Amino acid sequence: MAQNPFPLGKDELLKAYRTMRTIREFEERLHVDFAKGDIPGFVHLYAGEEACATGIMMHLNDNDRIASTHRGHGHCIAKGVDVHAMMAEIYGRSTGACRGKGGSMHIADLSKGMMGANGILGAGAPLICGAALAAKVRGDRGVGITFVGDGASNQGTFLESLNLAAVWNLPVVFVVENNGYAESTAMEWAVSCDSYVDRATGFGMPGVTVDGTDFFAVYEAAGEIIRRARDGGGPALLECNMVRFYGHFEGDAQTYRAKGELEAIRASRDCLTILSERVIEAGVIGRDELQAIDREVNALIEDAVRAAKAAPLPVADDLLRDVYVSY
Amino acid sequence: MLNERIKPIVMPKWGLSMSEGKVTGWLKRPGSTISIGDELLEVETDKITNVVEAGETGVLRRVLGEPGTVYPVKALIAVLAEPDVPDDDIDAFINAYAVPAGEDGDGEAEAGPQYHTAETPAGTIRYAKRGESGPTILLVHGFGGDLDNWLFTIDALAEKATVYALDLPGHGQSTKQIADASLSGLSQAVLGFLDTVGVERAHFVGHSMGGAVSMRTALDAPGRVASLSLIASAGLGEQIDGGYIQGFVGATSRRDLKPVLETLFADRGLVSRQMVDDLLKYKRLDGVDEALRALSASLFAEGRQASVLVSGIADARTPTLVVWGEEDRVIPADHAQALANTAQVAVIPGAGHMVQMEAAGKVNALLKEHIAKAS
Amino acid sequence: MSRKISMKQAINEALDLEMRRDPTVIVMGEDIVGGTGAQGEDDAWGGVLGVTKGLYAKHGDRLMDTPLSESAYIGAAIGAAACGLRPVAELMFLDFMGVCFDQIFNQAAKFRYMFGGKAETPVVIRGMVGAGFRAAAQHSQMLTPLFTHIPGLKVVCPSNAYDAKGLLIQSIRDNDPVIFCEHKNLYGLECEVPAESYAIPFGEANVLRDGDDVTIVSYGLTVHRAMEAATALAKDGTEAEVIDLRTLSPIDWDTIVESVERTGRLVVVDEAHPRCNLATDIAAFVGQNAFGALKAGIQMVTAPHTPVPFAPSLEDLYVPSADSIASAVRRTLSPKGASPRIAA
Amino acid sequence: MAPVVGIVANPVSARDIRRVVANATSLQIADRANILLRVLAALHACGVRDVLMMPENGGIRAHVDRGMMRARARGEDIYPALHPVAMPVTGTVADTHRATAEMRRAGVAALVVLGGDGTHRAVAAECGTVPIAGISTGTNNAFPEHREPTITGLATGLAVTGRVPPHIAFIANKRIDVSLNGGAVTDMALVDVALVTERYIGARALWRTENFRELYVTFADPEVIGMSAIAGLLEPVGRDESGGLMVRLSPDGDCRKGITTLNAPIAPGMMAQVGVTDWRRMPADVAFVPEVAAGSVALDGERELSFTERDRLSLTLRDDAFRTVNVAAVMRHAGQNRLLTGTPVPVTAAF
């Protein structure tokens, strides 16, 4: 076996691949099952963006908190939320991560430091400032990561949070997942300053742009930013340029995209392909090893769907439960 | 010069915070002949409704206090005089009567601060001290009570004694920390308090749990206890109303607490809104819930009294008085008979567990007599 | 040891005691220290009306001035609460909640339910409410009905110093998000308050006055107006029972209904605007659950359906007065007490 | 007909990790647009009426359009017409390659480039004989000179309108060609080629020295930062000299006996101690085969290629590889010849 030239050991590389593959498989399965009408409500898929969540979350532990977006499945999986509980939640079952009361847009697992997918765009940024403040007050070296899309980065909450994090010198990383579209609206049109790094600079914190389809690019930049935040170096912004393989939500015909755009990004900017080619080419991991992971992940998702469909629905009593801790 | 044979009946002052009282009804008609201890009228304060007893003899010549009307403390509400005192003199007396100014003041001016605190080994203890002469008396309240349980007692006793009333640890405005929630622990705290205020020996008057604490002290430190007056005392039998203890500890609202407090009195109407509110205010203080739970677990677990001290006290030579309200619903009145062979026993009809409040005049007379004998 | 202090001091004392007791309690807000980063004194303001004055000297950096950025810091308080702290965030005037309402009603209020009972958000958001301060339309509102509408929020509005201290301590110890409404015109009002810590449980109304003829229910400043009205009515022989709700969510339905079942008459006084407020809420509840006990139509005394005016002559007309409450009581007592009357 | 000038403005230069690991500059898009407006005004002042521009979606064009629209609204005629090259935008370096090639084909007289070393490298790969006028908006910027962009615009305008003779206006530059497996893959660097042992491209930027093994530079300027600073601080080599310098660094990066240790500014605000085993001149047109068997090749400060033991890598320095506008010489000439006075007057008439 060739010498490993990567900044991660083989086990870690396999873990990263497994995470990315799990997200992809999870989302593609939802894409199919949603079209069949099996899934209530609406879902926003993370497929195509896996390298971002994975490259960042590889640096985090359960004491680090993340605040996610409406497109949160990938963040959940990468942060360690149980895939069975997620699938059951999306199916509205009582075995779900939120006992069927949150759904796709609100999956949370605070024990894993996952403070929730969030249906309100930009709402996670102030919350993660609070998580980071808590870590700072406790002095436990925890960091907070908030994800925001290129669209929600225009929310006042996000911009206010950049200011607050800078003023309070909080261990926060603002990750802008720039997939080019705020729902259907082009980022170029909707973002006045056109650069998230400029926004960070304007608030006196460093900003970095990386190719979000390159796991190693995300991993390395995130590692530096997170270490800096952990050490008390303060907040930073990380813009990941990435691609969305599916629509804003399932059922989106994506007529706003240029002709051939989707085919092109799927062909040339698939982060899973880029990662696997890189590690295979380096001779660190064999194609058969990746295929074995693919089969395991496939079985896992299959089992998660089967279990979710078989799981009990919440009952009438659950309607009134858990509004308050006590009332 | 006013006729000294004319005796004013004034609105009484029960406790520090009382500034006025409402005459709720007269129990004697004008013209009645009055003896000492006769119940004259009922007065309602924001804390409690109580009977005003006659401290003098005479004929009730004038009734001035209108039922339903509020009068300031020391306002003239009736006049006693012998039949031969002329009406004109009485009218002149009434016209000349003025609520003693300055003396009434704001309470503290009367006799220095009403409450004191002492830093004792058991922590901060709040206490009241009245009177300057005669024997020293210590008043020990019961479970969940405080020194204001002696509202109608302390001033009466202080006429001829130096009277201390304290808040036990966990109670009133004393420390809410109870290092040792046993009778011995409370007894140690009481002795520590006496050490701090420089009292070597006192006549112990204990109500309910305070009675058991007093007995424990008499057994452990007989030299410090000149006599025992046990009012509706714990420690004289196993029985106790567990529902009362649990209810008192558990209640967090007026609605829960009021019926519990009503079991303390023969006359449930004595439980005023203010009494309930004051107890709620006490129960809300940090540490009180833990203190009460610790005490109830140690002393009254499973609805029974853990300590019965009858044989020890019977053997001790401490002069002992036992007083009970016949209608006590918390600790049965027949416990009074446990010491019948060695102590003076008085069971007062028409009174409940808070007999020293409900029949203050009678109890005060018994206490004065007993302590005078034992001194 | 009990002594007389103002509601402002009582709030300060509650914060001080809880910060001493629990290291996870932090306090943040605009100018709650004052002068941060400026050249002059530390602790320059202690809050815009001095409520938090002196706490910085005792607790240092656990008091945090914030940028004028309500969404960010209220959100941060909520996020910190979800991560184990017990933040008390001052939202100077609760009118400013418009700026950050999403964080309160879509985030804090929903975490527990939306996450299947697996989240706790012990945050307190405290600030000034109410008119009578010549502060005009954007600094004077009684927005309590907005908060009580939202499941997941608890809403507290004390009427005196004793309640303010005990309710704020309970709010800090409570594991749900609490909106703590401080009527600015009560800040100076003094009453007996123990120096020790104590907590007043939520959902316990305080009966300030017993009466058998009519029940007056209110909260905050208008409790005092109701007491004035009750005193005036007593001279005419009408004994009003006055109930101070203390907490609006949860609300003590039992005390209200038990009282109305005894008096048969109900006047609800609310400083909020007349539509869908606490008064309509209580009237509806009593109408539904104690209709048989009512001897007359329920009367509501509220602020008018207008913004709070600036001119003192107008603002004085805005807040329900003792006279208007007494008149409402008299309406319930008149033979035509139940007759329809269209209120503005 | 007036000459046409091309512009390549990179919206994403100066966005890499060195913002975090060092305190590198981050030039805002709005400022890049302002730079461009200043350049355009200078070109217009020299008579340039049409400018071709690389399309991008980073927002520079939108800001520039807004600035030009505002000038028109005020009735000012100070900018040339700006024409975007008709091509799709990918947001990658391919855009620069394609735009440069298109503009070369369209016959632009010069290319004004806004970017760092990486942007200039991409333009140089495709510009052929079209001269480049570089403006630094990047991080390390060893290649473009630091200067007020108005002056760069003026010099370019004077040069392309023929008011300064070409032998004065333009100057030759060196580059290093990189060849993998006999030309199967080729690339180039304008300033430096760094060989590192890690094989992943990652965040691209180079700021760690521990895996740093070999350095090849076209010029060694002690006044610049970046990896090429190492060379400049060992043995300065001018831009106008033939050949460059090759430096070998110690594998451990530490300071064993017999090794020269050097403190060099390898990124903005970042000094690093490196161990140097040897260095020597790198003559033009001689292929160098590195000692490092496997790793990545960083070109002008960014990791671009990775290679393994199976790959054959060679590096060759070329003199006279492409042309740039010699701004200093043009402006000196303009001053000496009163090129910007209303009516040219004899030198002696100045007094």
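**View 1. Strand 6 of chain D and its partner strands.** Asn173(D) has Phe322(D) as its bridge partner in strand 16 of chain D. Strand 6 (residues 170-180) and strand 16 (residues 313-325) of chain D run antiparallel and are joined by 10 bridges. Strands (E, at least two residues) and helices (H or I, at least four residues) are DSSP runs, numbered from the N terminus; two strands pair if DSSP finds at least two bridges between them. This is a predicted model, in which local features need pLDDT of at least 70 and side-chain atom pairs count only at pLDDT 80 or more, while totals for chains, interfaces and linings use all residues. Residues are numbered from 1 along each chain as its sequence is written, and chains are lettered from A and ligands numbered from 1 in the order in which they are written.

**View 2. The hairpin of strands 6 and 7 of chain D.** Strand 7 (residues 185-189) runs antiparallel to strand 6 of chain D, with five bridges between them. Leu180(D) is opposite Val185(D) of strand 7. Four residues lie between the strands, and Asn181(D) has a positive phi near 55°.

**View 3. The two domains of chain B.** Domain 1 covers 7-96 and domain 2 covers 113-374, with bounds from an automatic or database domain assignment. Their C-alpha centres are 30 Å apart. Domain 1 gives 10 residues to the contact and domain 2 gives 14; residues are in contact if their C-beta atoms, placed from the backbone, lie within 7 Å.

**View 4. Chain A against chain C.** The contact involves 36 residues of chain A and 34 residues of chain C. Helix 5 (124-138) and helix 6 (156-167) of chain A each supply at least two residues of the chain A side. Helix 5 gives the most, with nine residues.

Note on methods. Two residues are in contact if their C-beta atoms, placed from the backbone, lie within 7 Å.
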